[in-house]
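Have the sequence and the 3D view open as you read.

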Amino acid sequence: MEIRVLRYFLTVVREESITRAAEVLHITQPTLSRQLSQMEDQMGVKLFVRGSRKISLTNEGLLLRRRAEEILELVDKTEQELIAQEEQVEGSVSIGCGDLRTVQRLPELIRTFHEKYPLVTFDLYTATADHVTERMDRGLTDIGLLLEPVDLEKYDFIRLAGKETCADDK
């Protein structure tokens with residue numbers, strides 16, 4: 001039994017007509033009738049009493065309606081939870097850097113990011129550029145703040161505005 005066909009079934013129950021249900025579902029009436037007949041055959045029960053003006057449910061149809069509503073409510077809730085889970089960002093971001101002036105920008109960047117994604121934490125690792133790149137290569141560091149020249153072929157990178165100067169430079 002497919003979720004889609006359960007939705008079809010409940011639409012027919014609500015509309016009390018296969019023709020009206022087909023219009024609501026934007027499918028042809030023969031297609032809908034075939035789907036419902038296949039469902040009845042698959043279950044080995046008759047679900048509908050087809051009258052001249054409207055359709056009503058058999059006892060088995062009443063049971064299926066109740067169960068289909070429960071099943072579809074659970075399916076919809078699960079889909080919503082999965083979407084919400086996908087939108088929720090959590091985890092830890094490891095940042096490696098040396099003694100650079102650019103590090104002064106980190107607190108504001110981290111604060112802004114943390115406002116949007118409060119479940120994300122940050123680990124800061126300070127070392128030489130060689131150690132930072134080594135940790136990035138091993139997957140231990142997610143982001144490296146590095147002073148060029150650096151072999152950039154291995155990394156996705158963003159050049160930050162401003163220039164780094166030695167403490168002796170004025």
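1. The buried residues of helix 6 pack against strand 3 (90–97) and strand 5 (143–145). Please keep in mind throughout that this is a predicted model.

2. Which residues of helix 6 are buried? In helix 6 (residues 129–137) they are Val132, Thr133 and Met136. Looking down the axis of helix 6, you will find these buried residues within an arc of 95°, so they line one face of the helix.

3. Now go back to helix 2 (18–25), where Ile18, Ala21 and Ala22 are buried. Seen down the axis of helix 2, the buried residues fall within an arc of 100°, so they line one face of the helix. What covers them? The cover of these buried residues includes helix 1, helix 3, strand 1 (48–50) and strand 2 (55–57).

4. The start of helix 2 is worth a look too. There, a side-chain oxygen of serine 17 comes to within 3.3 Å of the backbone nitrogen of threonine 19.

5. Most residues other than glycine have a negative phi. Glutamate 16, however, has a positive phi, near 55°, and sits in the loop between helix 1 and helix 2. Glutamate 16 is partly exposed, with a relative accessible area of 33%.

6. Histidine 26 belongs to the loop between helix 2 and helix 3. Is histidine 26 buried or exposed? Its relative accessible area is 71%, which means that histidine 26 counts as exposed, the cut-off being over 50%.

7. Finally, see how helix 1 (residues 3–15) meets helix 3 (residues 29–43): their axes come within 10 Å and cross at roughly 110°. Helix 1 is therefore roughly perpendicular to helix 3. On the helix 1 side, the contact is made by Arg4, Val5, Tyr8, Phe9 and Val12, and on the helix 3 side by Leu32, Gln35, Leu36 and Met39. Sorted by class, this contact has 7 nonpolar, 1 polar and 1 charged residues.

Note on methods
Residues numbered from 1 in each chain as written. Predicted model: local features only at pLDDT ≥ 70, side-chain atom pairs only at ≥ 80, totals over all residues. Heavy atoms only, no water. Axes fitted to C-alpha atoms, helices over the stretch in contact; angles between N-to-C directions. Helix = DSSP H or I, 4+ residues; strand = E, 2+ residues; numbered from the N terminus. Parallel < 35°, antiparallel > 145°, perpendicular 65-115°, else oblique. Contact = heavy atoms within 4.5 Å. Nonpolar A, V, L, I, M, F, W, Y, C, P; charged D, E, K, R; others polar. Buried < 20%, exposed > 50% of the residue type's maximum accessible area, 1.4 Å probe, protein only. Arc of directions from axis to C-beta. Polar contact = N/O pair within 3.5 Å; in protein donor to acceptor, adjacent residues only side chain to side chain.
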